[in-house]
Amino acid sequence: MQNRFPKPDFESGYLYPEPHYPIPHEALWSYIDVGVLLLLMSFVAWAIIKKQVRWPVTLTSVLSVAYFGFFRQGCVCSIGAIQNVALAWTTPSYSLPLYVLLFFLLPVLFALFWGRVFCAGVCPFGALQDLVHVKNYKLSKAVTGALSTFPWIYLGFALLFAVTNSQFILCRFDPFVGIFRLGGEGALILFGVLLLFFSIFTGRPFCRFICPYGAILGLFSQISFRKISITKQECINCQLCHNACPVDAIRPPYVNKVKERRAAGVHRILRYMIFTPVIIIAGSTVMYVLSDKFSKANKEVQLYEAVMQNEARPQEVQSLELQAFYGQGRAKEELWTEVEVIKKEFRIWSGIIGAFIGLIISLTLINLSAKRTRKSYEIDHAKCVCCGRCFSYCPQNQKNIISV
Amino acid sequence: MRSYHQKPTNPLERRKFLINGARWLAGGIVLALSGFSYRKSTAKGSLHFWQIDPSLCTFCGRCQTDCVLSVSAVKCVHAVKVCGYCDLCGGYYRANVKELNTAAENLTCPTGAIQRKYVEDPYFEYTIREELCNGCGKCAKGCNSFGNGSLYLQIKQDLCKKCNECRIARACPSNAIRRVPISKVYDLKE
């Protein structure tokens, strides 16, 4: 620290003012947040599994939008916590706050036991879209099928940029946080408003086609110990629940007209699976080749390229980054070794994540070819967000109420 | 093999078995993951806050423009024990001013957030009115160039939203903004 002017010797008995630096009660707030999260998820689980009613979900949605949304204003959320957990795994210098870990973990555990109760109304993003949903227009199967692979691809890239300590893209391109904070990047707020506009007519576009956390929860929800069911009575195939479902998670009865022995079907699927390694290797190769481009998301790599450009052709007006670089007297070689390490990390992780994306695509394709006969309407638990709209539409449930 | 042919397994039973296996596998994975992640997390040292390292800050002015808040959470703070209490203050007056008076064209602060009070000859006390400060860092730049560097920028933790991806950290040209634990939420000069 420079000391151009000596400390003054005051003669008038002057006392230095006491500066005040406010420290937030973060520990307290994080406990409250985790508590509210647990409470709301339990409430939703009780309502949809035990009671089969929707009103608690609506109530939870309002509470969540008010508390997690407008009051706590977003960060840290479970969706973003994916990146913190990934960063903690690969970067020893980053220590993960316990409550961020809990925000990531608790909804996953709940999904394993009772399905996507977090999505139902505890997540303020889902809640906000659910509350504005009025008219249910169904999108075509081809559109939903193609778009539902996007969350996985988005997850792949989020992990790539998180583990290389470059960016948290899930947070950077978060469309709703600006709405909750009543301010932020204009383009993102516009995107959020557009998503909300679309969710008036079709259920939860963000949850279905963008949210990577929902995709993870869907995996666990598929194998959950207790599952949501539309009615405790027998299905009468009236189709009302199917029409009411905002996220297209109720599959209609289906008669597989292709008569095929079970063994033949298994062999057919196995034949498709032979292509899986091919797609995985292709995905991995493509991402590996592109890894150099991805690495430009890292600030150190950007800085290095700016420095190299400047060395090759000195610019008259240097960017702030270059001024800072030369001002700090950093050595070019030192930066280069750093960038080499980062680029290597990018190559490795791009390969792994390319393989992951390939796997997702090939599994999606295989899934399309597996046609199962269904005798009645069935819930697709990976897609079901437990909003509970179907309960009141089911005439069997109505009958139950009247008989009581 | 023989018993397999005699008692064909029901596909539904088989599916149930597979789903059960997947459940316990998933549960195990979650537990292992949480156990491992828990070891990575320490409540006290966990990096949850953002703060500017004053030794790296270049006073570029992006803190003012890039924070998600309409008025940045970054404010100028004043290390009184570092300050020289000069009359001709590099943070208060613009460089090469003709007259040392409080006319706006002579002052660095665009919002009039720096106030000064006469203490005794030749010393003046400077205070920052936080509600007016927009974190542009012009005074800090002046103070660092001509004075002791007692004016510098810090993120006020009561205003900061603690975005998981801090926008000014991404915009910072010198990587001066870092995640810090609660024990080091301010990087103070005194």
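This is a predicted model: local features need pLDDT of at least 70, side-chain atom pairs count only at pLDDT 80 or more; totals for chains, interfaces and linings use all residues.

Residues are numbered from 1 along each chain as its sequence is written, and chains are lettered from A and ligands numbered from 1 in the order in which they are written.

Select chain B to begin. Chain B has five helices and six strands, where helices (H or I, at least four residues) and strands (E, at least two) are DSSP runs numbered from the N terminus. Read from the N terminus, the order of its elements is α-α-β-α-β-β-β-α-β-α-β. Chain B has a radius of gyration of 28 Å, well over the 16 Å that the globule rule gives for 190 residues, so it is more spread out than a compact globule; the radius is taken over C-alpha atoms, and the rule is 2.2 Å times the number of residues to the power 0.38. Along the principal axes, the C-alpha atoms of chain B fill a box of roughly 105 × 25 × 25 Å.

Next, select residues 11-40 of chain B, which form helix H2. Its 30 residues should span 44 Å at 1.5 Å a residue, and the end C-alpha atoms are 43 Å apart, which agrees; the expected span is 1.5 Å times one less than the number of residues. Of the 30 residues of H2(B), the number buried is one, so this helix lies largely in the open. A residue is buried if 20 or more other C-beta atoms, placed from the backbone, lie within 10 Å of its own.

Now show both chains, and look at where they touch. Here 54 residues of chain A are in contact with 50 residues of chain B, contact being C-beta atoms, placed from the backbone, within 7 Å. On the side of chain A that touches chain B, H4(A) gives the most, with six residues.

Of its 135 residues, Val44(A), Val117(A), Ala120(A) and Cys386(A) touch the most other members, and H4(A) supplies the largest share, 11 residues.

Technical notes: Two residues are in contact if their C-beta atoms, placed from the backbone, lie within 7 Å. A nonpolar core is a set of buried Ala, Val, Leu, Ile, Met, Phe, Trp, Tyr and Cys residues joined through C-beta atoms within 7 Å. A residue is buried if 20 or more other C-beta atoms lie within 10 Å of its own, exposed if 12 or fewer, and partly exposed in between; C-beta atoms are placed from the backbone.
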